[in-house]
Amino acid sequence: MIKKLLTLCCLAAVLTVNAAEAVTAPVDFAKLPCPANARFADGVWTLTPGKPGRFATLAFALNLAYRKNLVLTFEYRNPPADGVSEAYLAVNFFDKEGENTFNTFKISREWQAAKIPFNQLKFIKKGRPADGEILTRVSIYSRIANDRKPGLANLELRNLKID
């Protein structure tokens with residue numbers, strides 16, 4: 001699993017925002033610092049990786065205690081990129097051991113609302129999070145459809161929050 005995660009990170013254009021301390025819900029992502037390789041203006045994170053890869057990823061460190069009544073909501077769109085076809089938009093929450101959840105949404109050129117109720121989160125290998133378990137980060141990314149030919153996928157996000 002660690003090798004797979006390291007490979008994923010090396011192949012992705014991962015832009016991470018670090019939280020200095022644990023956060024509590026509600027989480028308003030607009031109040032967190034914007035990653036250096038992304039742009040945050042007028043309430044929108046605009047993300048185009050600096051070099052071709054398989055992913056365009058925006059990742060936030062959270063250190064948030066899981067509660068089943070929480071909900072992640074946001075809006076997204078995938079502006080067209082020359083010669084690139086995206087497969088899906090994905091959201092992963094990670095725990096302290098690096099285990100992750102996996103939720104997907106259809107690629108959209110127009111703004112689309114996305115919602116992930118925490119009571120539906122399920123780690124890939126270990127199942128549902130325990131109440132109070134720490135979610136260390138969340139990653140939202142566009143995945144290039146053809147993993148043999150890297151590209152520059154575009155991703156725009158707005159209204160990210162956990163309530």
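Biologist: How many salt bridges does the count come to?

Modeller: The count comes to six salt bridges in this predicted model.

Biologist: What does Arg158 meet in a salt bridge?

Modeller: Its partner is Glu75, with a distance of 2.9 Å from N to O. This pair links distant parts of the chain, 83 residues apart. Arg158 sits in strand 11, residues 155–162, and Glu75 in strand 6, residues 71–77.

Biologist: Moving on to Asp95. Which side chain does Asp95 meet in a salt bridge?

Modeller: Asp95 meets Lys126, at 2.4 Å from N to O. Asp95 lies in the loop between strand 7 (86–94) and strand 8 (103–105).

Biologist: What about Glu97, which residue does it form a salt bridge with?

Modeller: Glu97 forms one with Lys126, and the closest N and O atoms are 3.9 Å apart. Glu97 is in the loop between strand 7 and strand 8, and Lys126 in the loop between strand 9 and strand 10, so this pair ties together parts 29 residues apart in sequence. The limit for a salt bridge is within 4 Å, so the 3.9 Å contact counts.

Biologist: Glu97, buried or exposed?

Modeller: Glu97 is exposed, with a relative accessible area of 62%.

Biologist: Which residues are linked in a network of salt bridges?

Modeller: The network links Asp95, Glu97, Lys126 and Glu133.

Biologist: Change of topic, strands. How many bridges join strand 6 to strand 9?

Modeller: Six bridges join strand 6 to strand 9, and the two run antiparallel. Within that pairing, Thr73 stands opposite Lys115 in strand 9.

Biologist: And how many join strand 6 to strand 11?

Modeller: Five bridges join them, and these strands also run antiparallel.

Biologist: What is the bridge partner of Thr73 in strand 11?

Modeller: In strand 11, Thr73 has Lys161 as its bridge partner. Strands 6 and 11 are also where Glu75 and Arg158 sit, respectively, and the side chains of those two residues meet in the 2.9 Å salt bridge.

Key: Residues numbered from 1 in each chain as written. Predicted model: local features only at pLDDT ≥ 70, side-chain atom pairs only at ≥ 80, totals over all residues. Heavy atoms only, no water. Helix = DSSP H or I, 4+ residues; strand = E, 2+ residues; numbered from the N terminus. Buried < 20%, exposed > 50% of the residue type's maximum accessible area, 1.4 Å probe, protein only. Pairing = 2+ DSSP bridges.
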